[in-house]
Amino acid sequence: MLTFASTLVLFLFAIGVPTTQRLREITATRNEAQWKEFKSTLLFRLGNVNVVGSLILASTAAFLTTQPGTFMADWSRPLPYLAFITAVCLAGNGVGCGTFLLLVLTDAQAGSIRQLSRHPRELGLVLALIALPTILIGAAGIAIAIALVGAVWCGDSVAAKAGAMVTAVLMVVGTGLFFWCFSWVARTGGQAELGEGTQLA
């Protein structure tokens, strides 16, 4: 069975809500309009993820099939080339999962989600599947960043290397801020649900 913290993480990555209580509110019988809006937003999000994944596939394919045309970056070296291949694999899997989910979730009903929420293990598996495109495309983006920084580092331009290092530092700082905000949302959402459970008890 999934732990409480891992369930919160899956919820945030998969559907953008932090707790099972919030999901029950959205899928309640009286909130049919809210459920339709929520499902539309989820499908729109998956569509955007697929578009980003397709762009990653196209851009990485261009790098993998061409030779470096400048001394500033050399992506034919092992590290950047393998990173580009990794990005292609991750993005391809992400687009495939996203397309499958778009087909399946189009006819998803609120009642099915309510029944599924009573079974934590099955719910965790479904959330993991829904979260997979976002996680895979995000990992593909990180792989591309590593490939580009590695390609510049393998080049012969000191200025380009300095710019790549500054960019890498900014990316690390931005990623750290993202995960801090992410953990804060998960923590506050979990505390709110625990507080509601205590009051009901």
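**Figure 1. Salt bridge between lysine 36 and glutamate 32 in the predicted model**. The side chains of lysine 36 and glutamate 32 form a salt bridge, with an N to O distance of 3.7 Å. Side chains of opposite charge can pair when their charged atoms come close.

**Figure 2. Contact of helix H3 with helix H4**. Two packed helices are described by the angle between their axes and the distance between the axes. Helix H3 spans residues 32-64 and helix H4 spans residues 78-105; their axes come within 8 Å and cross at roughly 150°. Because angles over 145 degrees count as roughly antiparallel, H3 is roughly antiparallel to H4. The crossing of these two helices, H3 and H4, is left-handed. In the contact of H3 with H4, the residues comprise 17 nonpolar, 9 polar and 1 charged.

Figure 3. Among the elements of the chain, H4 has the highest mean pLDDT, at 91, whereas helix H1, residues 4-14, has the lowest, at 62.

**Figure 4. Residues 197-201**. Over residues 197-201 the pLDDT stays under 50. For this stretch, the model has 0 contacts beyond four places in sequence.

Definitions and conventions:
Residues are numbered from 1 along each chain as its sequence is written. This is a predicted model: local features need pLDDT of at least 70, side-chain atom pairs count only at pLDDT 80 or more; totals for chains, interfaces and linings use all residues. Side-chain values use heavy atoms; hydrogens and water are left out. Axes are lines fitted to C-alpha atoms, for helices over the stretch in contact, and angles run from 0 to 180 degrees between N-to-C directions. Helices (H or I, at least four residues) and strands (E, at least two) are DSSP runs, numbered from the N terminus. Angles under 35 degrees count as roughly parallel, over 145 as roughly antiparallel, 65 to 115 as roughly perpendicular and the rest as oblique. A crossing is left-handed if the near helix is turned anticlockwise from the far one by less than a right angle, and right-handed if clockwise. Ala, Val, Leu, Ile, Met, Phe, Trp, Tyr, Cys and Pro count as nonpolar, Asp, Glu, Lys and Arg as charged, and the others, Gly among them, as polar. pLDDT is the predictor's confidence in each residue, from 0 to 100. Contact means heavy atoms within 4.5 Å. A salt bridge is a side-chain nitrogen of Lys or Arg within 4 Å of a carboxyl oxygen of Asp or Glu.
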